Every structure is written in structure tokens, then in C-alpha cells.
Amino acid sequence: MKEYAPMYMEAAKLTISIGIVGIIFSLVIGFACSIIQYYKIPIFQKIVTVYIELSRNTPLLVQLFLLYFGLPKAGIKLSSLSCAVIGLSFLGGSYMAEAFRSGLESIEKVQMESGLSIGLSRWQVMKNIIFPQALSISIPALCANVIFLIKETSVFSVVALADLMYVAKDLIGLYYNTDEALLMLVIAYMVLLLPISIIAALLERRLRYAGFGN
């Protein structure tokens, strides 16, 4: 275990790097989709609805197979890393969209009307009044989605990325030390995810004490 710990460390770096990039894109996609749903923008709202249903109801593994093995049939060849980032962003965007949407819809419409009545633009009301409250309410769901997406990186080994799961399976196949390899895999994910869980809990508690999200 001591000898192969560096392999897990390198795999963890790759896992967290892809996770961070995928989560950033997921947040951007999710926020854009939630705004479209909140304002009920014609045509785009239907496209967003189809995207969310398609993304949430198909496994990431299937999406990766389509990107990595399906697109080359149409003449589009993506690297393993690109497939991983696109797949994670595509999946995560739908979950983030629902988290943002639930936060936005929990804010009473009268707040938008009150802001407009005192001369603020819709953008100013959204930026200064609606969104800060909606974000504080959405924090628990957003943090849960972050943890979920990092755990979903465990399927990236199917597109030949040397992530944590890839390293564990490789060592098991070479040396048949299943217990040791899986134990190190569990420890690696705990090291990655436990700090996020603690930070999320502290952030949620701080927002609750500040009077948000009630």
C-alpha cells in the first residue's frame, strides 16, 4: 500500500482537476438554465426542459459511451479528457439547474414587483435582491450536487482516464490484492469528499445563523 500510494495521489489530482472544471461548467450551465426557467423564456424553456429530463434520466456512463465511442462514427473525435469534462458538465448542469430553480422559485414574486416599483431594473432586482436569497437557500442542494459529481468521476476509467477507479482496478488486475486496493480507493475518496462535506455543513450553518434560507 505504501509503495503504490503515489499512484493514488496522481490519480486523485486528475480526479479533482476534472471534477473542479466539470463543476464550474455545471454551475454556469445550471444558472443559465434556471434563469430561462424562472423568466419562462419561450422556446428556450422547452429546450431546457428536454435537456434536464434527458440528462437526469440517463446514466453518466451511457453519456460517456456516446461521446467517446458514438461521436467518432459521425466524424467527431474527442479526447478522453474532453469526454470526461463534457459528460460531467452535461450531467451536472441539469442538477445545478434544478437546485438554482428551487431557490429562485422559493422567493415570493412580490419582491420582484416591489423592486420594480421603486425604479430598479429587472437585472438589478435579480442581482441585489432575488439571487442572494435564492443562492443561500440553494446552498445545501448545490453542495450535495458537488459531492455527487465528484463521486460520479469514478466511471471515467471507461474512457481510459487514469482516475482513482482506474488505478484501483489496474492494481487488482496486476497483483490480485483486492482488499488493499479497494481500501486505498475508499481512503482516497474520503480524503477528497470529507473536507467538502465539512465545509458545506459549516457554510449552511453560517447562512442559517445569518438569517438566510428561512
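Author: Along the sequence the protein chain runs α-α-α-α-α-α-α-α, with eight helices and zero strands. Helices here are DSSP runs of H or I with at least four residues, strands are runs of E with at least two, and both are numbered from the N terminus. This is a predicted model, in which local features need pLDDT of at least 70 and side-chain atom pairs count only at pLDDT 80 or more, while totals for chains, interfaces and linings use all residues. Residues are numbered from 1 along each chain as its sequence is written, and side-chain values use heavy atoms, with hydrogens and water left out.

Taken along the principal axes, the C-alpha atoms of the protein chain fill a box of roughly 70 × 50 × 20 Å. Of its 214 residues, 36% count as buried; buried means under 20% relative accessible area, exposed over 50%, and partly exposed in between, with a 1.4 Å probe and protein chains only.

The helix to look at is α7, residues 164-175. Its twelve residues reach 17 Å from the first C-alpha to the last, close to the 16 Å expected at 1.5 Å a residue; the expected span is 1.5 Å times one less than the number of residues. L164, V167, A168 and L171 are buried in α7. Seen down the helix axis, the buried residues of α7 fall within an arc of 100°, so they line one face of the helix. The arc is that of the directions from the helix axis to the C-beta atoms. An α-helix has 3.6 residues a turn, so residues three or four places apart point the same way. After α7 comes Y176, whose phi is positive, near 60°.

Cysteines are a separate matter. With a disulfide taken as a pair of cysteine sulfur atoms within 2.5 Å, the count is zero. The sulfur of C33 lies 20 Å from the closest cysteine sulfur, in C143, which is too far for a bond. C143 is likewise in no disulfide. C33 counts as buried because its relative accessibility is 8%, and C143 is buried at a relative accessible area of 17%.
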